[in-house]
Amino acid sequence: MQALVIRLSPRSCISTLRLLQGALVILYFLAFPATVVPQSQADDSMQAAAGFDKFFLHDKCTAQYPPQPDTCLHDRLHEQSFKFGGKSGMVYDVTLHVRGIFEPTTINGGGTPEPSHPYFKIGGTVSTTDWSHWEIEVSEPKQTYWLNHYPSVGHTIYKEDFEATIAVAAGATVVVRVTDGNDRQIDNGKTGSDRQQSIAGVADQPLDGQMLRLDLVRVKKR
């Protein structure tokens with residue numbers, strides 16, 4: 001008895017292989033279904049955090065200060081607040097794109113969640129009160145997030161661009177502020193290797209004083 005031999009053309013082999021690959025893909029997704037967040041839920045979470053998006057705070061110069069020419073006079077406090085939305089009882093992890101042009105301050109204690117961004121600290125207290133400190137304060141879970149912590153203070157302007165994640169409960173009050181213990185700030189508007197810096201798409205031309213821009217990256221329910 002002779003064995004039955006079936007010869008397939010190269011084209012038939014390729015078609016069969018493609019069918020098998022397709023079947024394997026279907027079986028994989030049946031075995032490991034993906035978790036898909038409905039678009040409406042994602043939109044609702046982003047809407048709850050809308051107060052953060054395209055947020056801009058500018059600490060302007062109010063006058064010159066001749067005794068220290070690379071500084072200027074300014075108001076000691078600037079702040080804006082808003083109420084976070086969302087579903088009652090929920091806590092959200094809010095990831096922000098933080099861009100700032102700051103002078104340094106120093107925070108004692110607290111934590112540094114991202115070693116590559118040591119200027120972002122959670123908790124702690126200001127130890128150099130006569131230097132501007134930029135912060136996001138959340139009422140629930142109660143916490144302060146510092147944006148310009150450095151090992152030491154000095155007449156330097158730092159330009160930062162990083163992402164940071166903070167926790168905010170539905171209905172919480174959020175305050176974004178900059179506070180200074182005296183009436184002088186390091187002025188980005190002056191000349192120098194660290195001055196005349198700008199934030200692309202936000203402040204394309206250098207502005208005086210200091211500034212902060214926040215943009216929403218993502219919002220996730222805990």
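1. Is Thr144 buried or exposed? Thr144 is buried, because its relative accessible area is 16% and the cut-off for buried is under 20%. The model is a predicted one. Keep that in mind for each point below.

2. Where does Thr144 sit? Its place is strand β10, residues 142–146.

3. Next, the aromatic pairs. The whole structure has 8 of them. One is formed by Phe120 and Tyr145. Their ring centres are 6.2 Å apart and their planes lie at 5°, so this pair is stacked. Tyr145 belongs to strand β10, while Phe120 is in the loop between β6 (107–108) and β7 (121–122). The two are 25 residues apart, and the pair links distant parts of the chain. Phe120 and Tyr145 are both buried.

4. Phe120 has another aromatic partner, Phe162. This pair is tilted, with 6.1 Å from centre to centre and 50° between the planes. Phe162 lies in strand β11 (residues 158–169) and Phe120 in the loop between β6 and β7, so the pair ties together parts that are 42 residues apart in sequence. Phe120 counts as buried because its relative accessibility is 4%. Phe162 counts as buried too, at 3%.

5. Which residues form the aromatic cluster? Tyr119, Phe120, Tyr145, Tyr150, Tyr158 and Phe162 form one cluster. Both pairs described above involve members of it, namely Phe120 with Tyr145 and Phe120 with Phe162.

6. Now the charged side chains. A search of the whole structure gives 11 salt bridges. One of them joins Arg177 and Glu79, at 2.9 Å from N to O. Arg177 is in strand β12 (residues 173–179) and Glu79 in strand β4 (residues 77–83). Arg177 counts as buried, at 14% relative accessibility. Glu79 counts as partly exposed, at 42%.

7. Another salt bridge is formed by the side chains of Asp194 and Arg195, at 3.0 Å from N to O. Asp194 is buried, with a relative accessible area of 17%. Arg195 counts as buried at 7%. Elsewhere, salt bridges that share partners join Glu79, Glu135, Glu137 and Arg177 into one network.

8. Asp53 counts as partly exposed, at 30% relative accessibility. Lys54 is exposed, with a relative accessible area of 58%.

9. How many disulfides does the structure hold? It holds 1. The disulfide joins Cys61 to Cys72, with 2.0 Å from S to S. The torsion about the S-S bond is about -75°, so the disulfide is left-handed. Cys61 is in the loop between β1 (55–59) and β2 (63–64), and Cys72 is in strand β3 (residues 71–73). The two cysteines are 11 residues apart. Cys61 is buried, with a relative accessible area of 15%. Cys72 counts as buried at 0%.

Key
Residues are numbered from 1 along each chain as its sequence is written. This is a predicted model: local features need pLDDT of at least 70, side-chain atom pairs count only at pLDDT 80 or more; totals for chains, interfaces and linings use all residues. Side-chain values use heavy atoms; hydrogens and water are left out. Helices (H or I, at least four residues) and strands (E, at least two) are DSSP runs, numbered from the N terminus. Buried means under 20% relative accessible area, exposed over 50%, partly exposed in between (1.4 Å probe, protein chains only). A salt bridge is a side-chain nitrogen of Lys or Arg within 4 Å of a carboxyl oxygen of Asp or Glu. A disulfide is a pair of cysteine sulfur atoms within 2.5 Å. Rings of Phe, Tyr and Trp (its six-membered ring) pair if their centres lie within 6.5 Å; planes under 30 degrees apart count as stacked, over 60 as edge-to-face and the rest as tilted.
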